[in-house]
Amino acid sequence: MKILKKTAIILLVAFVAIQFFRPTQNISHGDHTKQFLVETNPSKEVKVILEQTCYDCHSDNTNYPWYNNVAPVSYWLSNHIKDGKKHLNFSEWENYSNKKKDHKLEEVLETIDTSEMPLKEYIWTHEQAKLSEEQKKLIKEWVLRSRALYQLENLQ
């Protein structure tokens with residue numbers, strides 16, 4: 001019993017101590033997706049969908065939930081965001097070549113078609129991020145239109 005009690009105390013101390021060390025938050029001021037929005041010109045509906053389902057993990061600005069203040073959850077979220085931005089970062093859109101932009105939009109289509117995105121874990125706590133069939137259709141139409149423009153530019 002003494003071992004169990006010591007282990008519990010050590011774990012409690014470690015849990016409290018980790019609360020004082022936090023990962024850097026993904027917060028950017030200003031219009032961090034301006035170039036992306038100008039180039040791809042999404043409808044108002046698609047823009048809202050992107051804000052509610054994509055930007056938290058795929059831009060330089062995350063709206064953090066309250067539970068991000070509790071470690072180790074804060075580290076778990078930070079890793080998800082870093083991984084999401086590694087695959088696609090709407091805030092870095094202007095730094096992508098037209099070929100890469102076209103490819104990233106192609107990947108958006110694929111992840112929508114396979115329901116790979118938004119992540120199930122994200123939907124658990126952000127119910128508004130669950131995409132309806134109509135929302136998927138709007139995104140697909142927008143992506144196909146945007147891809148056509150990049151493909152035309154690549155031909156020139």
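A residue counts as buried when its relative accessible area is under 20%, as exposed when that area is over 50%, and as partly exposed in between. Keep this in mind as we walk through this predicted model. Take E141: its relative accessible area is 42%, so E141 is partly exposed. K137, at 46% relative accessibility, is partly exposed as well.

These two residues also meet each other. Side chains of opposite charge can pair when their charged atoms come close. The side chains of K137 and E141 form a salt bridge, with 3.8 Å from N to O. Both sit in helix α8, 4 residues apart, which is about one turn of the helix.

Now let's follow helix α8 to another pair. A salt bridge joins the side chains of R147 and D102, at 2.6 Å from N to O. R147 belongs to helix α8 (residues 133-155) and D102 to helix α6 (residues 98-113), so this pair ties together parts that are 45 residues apart in sequence. Both R147 and D102 are buried.

Next comes K85, whose salt bridge with D60 has its closest N and O atoms 3.0 Å apart. This pair links distant parts of the chain: K85 is in helix α5 (residues 73-87), while D60 is in the loop between α4 (55-58) and α5, 25 residues away. K85 is partly exposed, at 25%, whereas D60 is buried, at 18%. Across the whole structure, a search finds 8 salt bridges.

Finally, look at T40 in helix α2 (residues 34-40). Its relative accessible area is 2%, so T40 is buried. Beyond its neighbours within four places in sequence, T40 is in contact with W93, W142, R145, S146 and Y150.

Terms used
Residues numbered from 1 in each chain as written. Predicted model: local features only at pLDDT ≥ 70, side-chain atom pairs only at ≥ 80, totals over all residues. Heavy atoms only, no water. Helix = DSSP H or I, 4+ residues; strand = E, 2+ residues; numbered from the N terminus. Buried < 20%, exposed > 50% of the residue type's maximum accessible area, 1.4 Å probe, protein only. Contact = heavy atoms within 4.5 Å. Salt bridge = Lys/Arg side-chain N within 4 Å of Asp/Glu carboxyl O.
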